[in-house]
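Thanks for coming. I will go through one structure, starting with the surroundings of its ligands. Please keep the view open while I talk.

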Amino acid sequence: MKRHVLSLLMLVLAGFAGRVAEPTPSERRQAGQQRSVQEINDQFARQISASIAGHESEPAEKVFKNIQWLKGTPAGTLLVIMNAGYAKALGVSCTHCHAEDDFSRDDKRPKRAAREMAVMHRSINQQLRGMKELTSDAQSRAINCSTCHRGAIDPMRAPGGG
Ligand code: HEC
Ligand code: HEC
């Protein structure tokens, strides 16, 4: 009985300690930065979304100027892929890849690298679906940008990276 009360007390104390523990300055900075990158990205996405209002379900290549890879993807879906996919996977803002004044331009190297990554991504998924010794449904097998990047530009530097 006594032991019970003691362990209960320890649990309560542990919980209390957890609650009062202040985030370190670097943790707070990190949380702040992540929020503001997401806010910036949401703002870009909202602006572009407003500029294509009524055309969201048309193919991206009809609505935007320089679509080479995501042809056939609805324009609205492209924006979701950019924001919730590409930008979030790498933990970057849109302007890591895009020239702020014209998103169709290809002068930033990371944008061109992202197209090469998209080719690799598709080929990995095709290989996964062709594998014979897995028990999962072949069509459901997939990786995405986050599988490797996990919020970092360099996957090897991502949490848990090699
Ligand atoms: C990791 C790089 C990367 C990031 C980050 C990124 N994009 Fe892109 N974006 C691309 C690539 C690559 C293309 C071209 C796709 C293609 O050729 O099919 C593109 C194309 C676009 C286009 C079409 C432009 C045009 O006129 O041709 C828009 C709009 C766009 N992105 C919006 C965004 C927004 C909004 C964000 C941030 C929320 C974002 N992108 C973040 C790589 C990126
Ligand atoms: C199989 C793992 C893997 C997948 C999946 C993957 N990447 Fe990468 N990506 C890497 C590696 C590794 C690097 C190289 C880091 C380096 O050495 O510069 C990289 C680098 C990049 C870079 C260059 C960043 C810079 O600023 O130099 C971009 C952009 C990028 N990836 C975008 C993407 C996008 C978008 C996707 C999804 C379509 C994706 N990646 C999927 C492994 C991956």
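The shell around ligand 1 divides into 18 nonpolar, seven polar and three charged residues. For the classes, Ala, Val, Leu, Ile, Met, Phe, Trp, Tyr, Cys and Pro count as nonpolar, Asp, Glu, Lys and Arg as charged, and the others, Gly among them, as polar. Before going on: this is a predicted model, where local features need pLDDT of at least 70 and side-chain atom pairs count only at pLDDT 80 or more, while totals for chains, interfaces and linings use all residues. Residues are numbered from 1 along each chain as its sequence is written, and chains are lettered from A and ligands numbered from 1 in the order in which they are written.

Back to ligand 1. It is surrounded by 28 residues, where near means that the C-beta atom, placed from the backbone, lies within 6 Å of the molecule. The closest are Phe64, Met82, Cys94, Cys97 and Ser104. Which helices each supply at least two residues of this shell? They are H2 (25-51), H4 (75-90) and H5 (109-130). H4 has the largest share, six residues. Helices here are DSSP runs (H or I, at least four residues), strands are runs of E of at least two, and both are numbered from the N terminus.

Ligand 2 has 16 residues around it, and Pro110, Ala113, Met117, Cys145 and Cys148 come nearest. H4, H5 and helix H6 (145-149) are the elements that give two or more residues to this shell. For ligand 2 the largest share, six residues, comes from H5. By class there are 12 nonpolar, three polar and one charged residues.

Now the chain as a whole. The protein chain has six helices and zero strands. Of its 162 residues, 9% count as buried. Buried means 20 or more other C-beta atoms within 10 Å of the residue's own, exposed means 12 or fewer, and partly exposed is in between, with C-beta atoms placed from the backbone.

Where is the largest nonpolar core? A core is a set of buried Ala, Val, Leu, Ile, Met, Phe, Trp, Tyr and Cys residues joined through C-beta atoms within 7 Å. The largest one has nine residues: Ala60, Ala75, Leu78, Leu79, Met82, Tyr86, Ala87, Ala89 and Leu90. H4 gives the most to this core, with eight residues. In soluble globular proteins, nonpolar side chains tend to be buried together.

From that core, take Tyr86. Leaving out residues up to four places away in sequence, Tyr86 touches Ile81, Ala114 and Cys145; contact means C-beta atoms, placed from the backbone, within 7 Å.

Val63 sits in helix H3 (residues 60-63). Is Val63 buried or partly exposed? Val63 counts as partly exposed because it has 19 C-beta neighbours inside 10 Å. With the same exclusion of residues up to four places away, Val63 touches Ile52, His55, Glu58 and Ala75. Val63 and Ala75 are 12 residues apart in sequence and 6.5 Å apart in space, C-alpha to C-alpha.

Arg150 lies in the segment after H6. Arg150 is not a glycine, yet has a positive phi of about 45°.

Last, confidence. The mean pLDDT of the chain is 88, and 78% of its residues reach 70 or more; pLDDT is the predictor's confidence in each residue, from 0 to 100. Over residues 11-20 pLDDT stays under 50, and the model has zero contacts beyond four places in sequence for them. Where pLDDT is low, the predicted coordinates should not be read in detail.

Methods
Two residues are in contact if their C-beta atoms, placed from the backbone, lie within 7 Å.
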